[in-house]
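Hi there,

Here is the structure I promised to pass on. Have a look at it first, and then read on for what I found in it.

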Amino acid sequence: MSIAPPQALAEALTALGPRGRRRAATSAAAMIAADVSVAPPVVDPVPVVLPPEEWETISAGLIQRVRLLDALYADLYGPRTMLGTDVAPTSELLQDPAYLRSAIGIPARGNHHLFALTSTLTRTDEGSWVVLEDSVDVPDGAGIALEVRRALSRCAPTLYRTTALRRLHPFFDTVRSALHHRTRTDGRAGRTVVLTDDDVEDPLRAFDDSWFANLLGAPVVSAGDLRTGSGTLTLRLPGADADPGDAVDALIRLLPSELLDPLDLGPTPLGGVTGLIEAARCGDVEVLNPFGAGLLENPALREALPDLCRQILHEDLQLRPAAPGAQNGRTGWPSLDPDGGDELVERPVRLRVLVVASEDGFEVLPGGVALTDDEGPEALKDVWVTVPETSALPAAPGEEAPGSDPAGRALTAVTRGVLTAYPAMTRSIGSDLFWFGRYLERVDSTARLLRTVLDTSNDLGSEHGPTARTAQAVLLGAVTDVTTTYPGFLSRDPHDPEDVHTEVTSLLTDVGRPGSLAQSYASLAHTTRTLRDLISEDIWPVIARMRGRIHTLAGPDSPPLERGLTDIVDGCLTLSGAVADSMPRNLGWDLTEIGRKIERTMGLLALLRATLGRRRSRAAEARIAGAVAVITESGASYRRSYHAAVQSELLLELLLTDTTLPRSIAFQLERLHSTLDRLPELDPSPELRAPLTALRGRIGAWEPRELLRPADGADASDGAPTALLEEADAAIATLRELASALENRFFRPSESTSGWGVDDV
């Protein structure tokens with residue numbers, strides 16, 4: 001049996017033609033890959049279309065199913081009467097390691113235990129829907145469903161204009177409201193957090209988890225952000241000990257049950273939250289889905305569900321389990337030909353559909369993700385639930401009506417008396433924001449430095465005098481000093497093009513080399529992935545483009561390195577703008593800014609030390625200072641201020657004193673001072689204020705001409721050390737002290753210290 005698409009959709013597919021359909025599939029795959037940071041998946045733009053009547057059948061069956069599973073959970077972790085009947089597979093359940101005896105007797109808030117369920121269904125040739133499996137312990141799929149819908153609606157808009165279909169966002173509005181009422185306690189809004197693995201290796205799963213949390217309006221936390229005591233669960237907040245206002249009322253876990261509590265469940269790879277089961281038993285925090293829900297995924301229990309439904313609900317099970325191993329006799333859905341043919345072919349699919357608790361019971365997400373299920377490559381398809389052409393419902397989801405926007409999202413009036421919860425900022429989130437700022441600045445400064453040094457070296461390489469040779473050696477050595485990629489250029493011949501090219505290639509592409517551009521970018525991308533629920537989705541294409549450019553910088557067909565590095569700099573500028581335009585000006589913003597200013601100041605000091613710390617001939621110093629002016633984007637300001645050729649002393653004076661120049665040291669210190677003053681502290685912390693005060697005093701006392709004069713007793717010949725070497729080292733040490741004080745105060749102490757003065761995540 002096959003399903004024909006609606007007439008209007010069929011006409012739109014025909015109008016697109018084979019080339020248009022393939023182009024839409026390729027574009028959507030590239031968009032998903034950019035957003036999720038994965039290899040491009042196979043995407044099929046031809047949707048699975050479900051008419052309202054068929055969707056009502058699926059919906060009713062899924063709601064009945066979750067009601068049944070909820071009742072089974074209540075019994076198996078309560079009175080356990082089912083284990084004494086002939087209907088339940090008692091032996092298989094008792095032997096299942098997912099049956100957590102320590103979770104027996106934990107109370108539930110509200111009328112049901114389960115919060116969410118993901119079911120995988122397929123349609124038989126007879127037209128009935130059957131269930132292949134249920135994901136109860138760790139439901140998923142919400143984020144991927146929205147991502148596939150978003151990507152395809154942008155890459156194949158003509159298809160989406162043909163059919164009135166149910167929108168997805170109103171579903172989560174309903175779920176958020178239900179969660180608010182479920183967690184509301186003692187006249188205040190309850191606090192809900194989403195627990196995930198902060199080091200998950202699957203980027204697709206990490207994306208799905210963070211999107212789900214974002215849709216629920218709950219912050220993502222890791223096990224290290226939580227602690228228990230006196231039967232309560234609290235957040236470890238930055239900079240202060242938790243108080244009763246930091247209590248967590250609901251924990252939505254996206255981790256398997258057995259990884260949650262090392263005290264009651266044994267040691268876990270993730271550490272878990274010691275005492276979490278006891279906190280849930282005391283009733284001050286509700287864990288959703290509850291501990292041990294994975295027992296409901298038992299294959300023997302799934303086979304027994306029809307009989308259990310009649311015994312518990314006194315109803316016939318509407319969505320029956322699929323016969324074991326059954327792959328034939330399933331409905332074919334119009335799809336792209338996996339072999340590359342021009343005509344649509346029929347392919348069986350399996351649907352993954354999410355069910356979530358609401359105030360009155362359970363709601364089914366009106367859509368989902370379909371995956372082709374045959375011998376061809378697995379492809380992602382959107383699932384459309386159509387809207388009836390005529391409906392008596394005045395404001396059904398997906399319809400435009402007074403109180404809805406053109407996209408079909410219901411606009412509900414603000415209810416009086418709604419309580420808002422203070423947004424949580426945990427230590428790990430604060431630390432990730434701080435490191436995001438540092439790694440973003442590190443990638444930008446490394447790319448700028450390499451680009452300018454390569455440009456300057458190209459010019460100097462055509463000259464043969466001592467001035468050019470000296471300037472080239474100093475600038476290449478500065479790359480090693482600033483990035484701390486020792487021995488680097490210090491062990492190579494700066495005048496040998498082959499030697500220089502080998503070292504540059506390593507700096508660009510060796511992800512295992514601390515301080516390289518590739519390693520800094522990898523750290524930036526990793527940190528960014530942990531902040532998906534806090535940062536605009538517009539940054540993911542930028543991250544993907546930067547990744548692609550870095551991978552091609554040293555390839556055989558790569559563009560000139562200078563152009564590739566310009567693309568990296570442009571990506572950093574775009575990323576900075578996207579963050580600046582989307583991030584709320586709260587503690588998270590301040591921590592990101594502090595990270596950027598500390599990193600930029602350290603980089604500037606290291607650059608000045610490496611380039612101007614030793615006296616050279618006037619001609620060589622002019623070439624070196626000119627390159628520094630380009631790197632710091634201070635050339636225009638210098639010309640307007642001094643109307644003279646670039647001189648080391650005057651350039652240093654500009655960078656030390658001009659508070660209007662965004663890449664000057666003076667600008668960084670002013671911003672650091674004002675941002676530190678905004679940090680939430682009951683009393684000013686001397687360990688935070690003292691390093692910055694000392695640094696401002698030290699740098700404020702610097703006099704450029706004295707700073708660049710050869711040190712006492714030093715030979716005034718070429719290469720003589722100046723006082724800048726010692727002073728810059730002391731200033732960098734003070735900045736490291738400030739960074740460590742911030743970590744100790746707001747995040748956690750660094751476990752190791754690298755040449756950058758920080759621990760590389």
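Let me start with one histidine: His112 counts as buried, because its relative accessibility is 10% and the cut-off for buried is under 20%. Keep in mind as you read that this is a predicted model. His112 sits in the loop that runs between helix H3 (90-95) and strand S2 (116-123). What is His112 in contact with, once its neighbours within four places in sequence are left aside? The list is Asp70, Arg182, Glu286, Ala357, Ser358, Gly361 and Phe362.

Now for the overall picture. The protein chain has 761 residues, and 55% of them are buried. DSSP runs give 24 helices and 18 strands. If you take the contacts with a separation of 6 or more, 70% of them are between residues 24 or more positions apart. The accessible surface of the chain is about 31,900 Å², and carbon and sulfur atoms hold 51% of that.

One part to look up is an open sheet of 4 strands. Its order is S5-S4-S8-S9, and the pairing is parallel. At the edges are strand S5 (220-221) and strand S9 (286-288), each of which pairs on one side only. Helix H6 (residues 169-183) packs on this sheet, where it touches S4, strand S8 (250-253) and S9. The direction of H6 makes about 155 degrees with that of S9. Strand S4 (residues 192-195) runs parallel to S5, and 2 bridges join the two. Leu195 has Val221 in S5 as its bridge partner. In case sheets are new to you, strands pair through backbone hydrogen bonds, either parallel or antiparallel.

For the antiparallel case, go to strand S15 (residues 368-372). Why is S15 described as largely enclosed by the rest of the structure? Because 5 of its 5 residues are buried. S15 pairs with strand S13 (residues 349-357) in the antiparallel sense, over 4 bridges, and Arg352 has Val369 in S15 as its bridge partner. S15 also pairs with strand S16 (residues 380-385), again antiparallel and over 4 bridges. There, the bridge partner of Ala370 is Lys381 in S16.

Helix H20 (residues 648-657) is largely enclosed too, since 8 of its 10 residues are buried. Those buried residues are Ser648, Glu649, Leu650, Leu651, Leu652, Leu654, Leu655 and Leu656.

Is Leu735 buried or exposed? It counts as buried, because its relative accessibility is 0%. Not counting residues up to four places away in sequence, Leu735 touches Ile598, Thr601, Met602, Leu605, Leu672 and Leu695. Leu735 and Pro691 are 44 residues apart in sequence, yet their C-alpha atoms are 7.1 Å apart in space.

Last, the cysteines. How many disulfides are there? The count is 0, going by cysteine sulfur atoms within 2.5 Å of each other. Two cysteines to click on are Cys155 and Cys572. Cys155 counts as buried because its relative accessibility is 19%, with the cut-off at under 20%. Cys572 is buried as well, with a relative accessible area of 1%.

Cheers

Conventions: Residues numbered from 1 in each chain as written. Predicted model: local features only at pLDDT ≥ 70, side-chain atom pairs only at ≥ 80, totals over all residues. Heavy atoms only, no water. Pairing = 2+ DSSP bridges. Contact = heavy atoms within 4.5 Å. Axes fitted to C-alpha atoms, helices over the stretch in contact; angles between N-to-C directions. Buried < 20%, exposed > 50% of the residue type's maximum accessible area, 1.4 Å probe, protein only. Areas by Shrake-Rupley, 256 points an atom, 1.4 Å probe, with all protein chains shown as cover.
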